[in-house]
Amino acid sequence: TTHHPFLSAFPKCEHHIHLEGALTAPLLLALSAKNNIPLPSSSPDQPPTLDSLTALLSPPHSSLQAFLTLYEAHQTVLRTASDFDLLAWTYLRRAHADHVVHAELSLDAQAHTARGVALSAAIDGVSAARRRAEAELGVSSRLVLCFQRDRPVADALRTLREAAPHLASGAVAGVGLDSCEAGFPPGAFAGVFAEAARLGARTTAHAGEGAGWDYVRDAVERLGVARIDHGVRAAESAELVARLAAAGTLLTVCPLSNVSLGCVAAVRELPVRRFLDAGVRFSINSDDPAYFGGYLLDNYVAVQEAFGLSVGEWGVIGRASIEGSWVDGGRKREML
Ligand code: ES4
Ligand code: ZN
């Protein structure tokens, strides 16, 4: 990364980062000890070490399901508001080192409430870290509550209603849809997303990673989203590519994640050139930096090494990232 001074200094917006996916080995050890919650990967006579945990977190992961199982096991160390504060603050400070000026943080609300953590504890902890990042680092941020599509729709609706006061206060900016994609088409959540929009929520959904381009079309048509998380398999339909370009839909592409989970064999196989040529807006993101081998700058560098983009092309990506951020015009002008 030291060989890319231009990319290093480039002001970046990150839109697709799961806070649970920023639980690094040192954080896992610290929170496991603090809360007296044994890490599920350990046996009593063989407590996990920094090295063994780091190896466990490292890509490749054999499948999305294998990754999600590990990810779910690890997040049990998160119990209190201060744990979520520490997690979000650690990520935001690390992102700042990559010249991230704005970050939109996803949280799997249901994963935490299902194991007895109050929604407001998780949100309040993240809010504290966000305020500190704004004050001390000048990094703006937003919180995105993701519904898990492999849980019942009624569960998502209940979670949305519980989150309503946090949407009203601005502690939550919007909602998303994540977890296992294939077999769980977005359209099932149309009612939830319609109610979210009525509550003033911004909306996004994971689509076109674990399933095909038709899930991207379904998310755009039936959820009304102006943003798609991943979306790379939209490239399989020329008609959809044209439609996304015309609508100005932002795709939050996650290069190292896509390689780590086998969505593509290598970064050079991503439709980066295709999207640039077609005028499809996209940002570059880390998804789950503790698991996929890198933070945001690592993802930028991987794209540069695969595609050798020009300064002008990076300008196009940077402007789309700012334009597609969930901030007001004043903040956008500051970042431009
Ligand atoms: C995720 Cl890579 C990925 N896919 C779906 N859901 C997720 N949650 C965190 N990372
Ligand atoms: Zn994701």
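In what sense do β1 and β2 pair, and over how many bridges? The two strands pair in the parallel sense over five bridges. Pairing here requires that DSSP finds at least two bridges between two strands. Helices (H or I, at least four residues) and strands (E, at least two) are DSSP runs, numbered from the N terminus.

The model is predicted: local features need pLDDT of at least 70, side-chain atom pairs count only at pLDDT 80 or more, and totals for chains, interfaces and linings use all residues. Residues are numbered from 1 along each chain as its sequence is written, while chains are lettered from A and ligands numbered from 1 in the order in which they are written.

β1 and β2 belong to an open sheet of five strands, ordered β1-β2-β3-β4-β5, with parallel pairing. β1 (12-18) and β5 (202-203) form the edges; each has a single partner strand, so one side of each lacks a neighbour in the sheet. Ile17 stands opposite Leu105 in β2. Strand β2 (residues 100-108) is mostly covered, with nine of its nine residues buried. A residue is buried if 20 or more other C-beta atoms lie within 10 Å of its own, exposed if 12 or fewer, and partly exposed in between, with C-beta atoms placed from the backbone. Seven bridges pair β2 with strand β3 (residues 140-148) in the parallel sense. Asp108 has Cys146 of β3 as its bridge partner. Strand β4 (residues 174-178) pairs with β5 over two bridges, also in the parallel sense. There, Gly174 stands opposite Arg202.

A second open sheet holds four strands in the order β6-β7-β8-β9, with parallel pairing. Its edges are β6 and β9 (281-284), each with a single partner strand, so one side of each is left without a neighbour in the sheet. The twist averages 30 degrees from one strand to the next. Axes are lines fitted to C-alpha atoms, for helices over the stretch in contact, and angles run from 0 to 180 degrees between N-to-C directions. β7 and strand β8 (residues 250-253) run parallel, joined by three bridges. Arg227 has Leu250 of β8 as its bridge partner.

Helices lie across this sheet. Helix α15 (residues 311-323) lies across β8 and β9, at about 90 degrees to β9. The buried residues of α10 (residues 213-223) include Trp213, Tyr215 and Arg217. Their cover includes α9, β5, β6 (205-207), β7 (227-230) and α11 (238-247). Gly224 follows α10 and has a positive phi, near 70 degrees.

Helix α8 (residues 153-169) packs against helix α9 (residues 190-198) at an angle of about 10 degrees, with axes 9 Å apart. The contact involves Val153, Ala156, Leu157 and Leu160 of α8 and Val192, Glu195 and Ala196 of α9. Two residues are in contact if their C-beta atoms, placed from the backbone, lie within 7 Å.

Tyr71 is found in helix α4 (residues 64-74). Tyr71 is buried, with 22 other C-beta atoms within 10 Å. Its C-alpha atom is separated by 7.0 Å from that of Gly21, 50 residues apart along the chain. Leaving aside neighbours within four places in sequence, Tyr71 contacts Glu20, Gly21, Asp288 and Tyr291.
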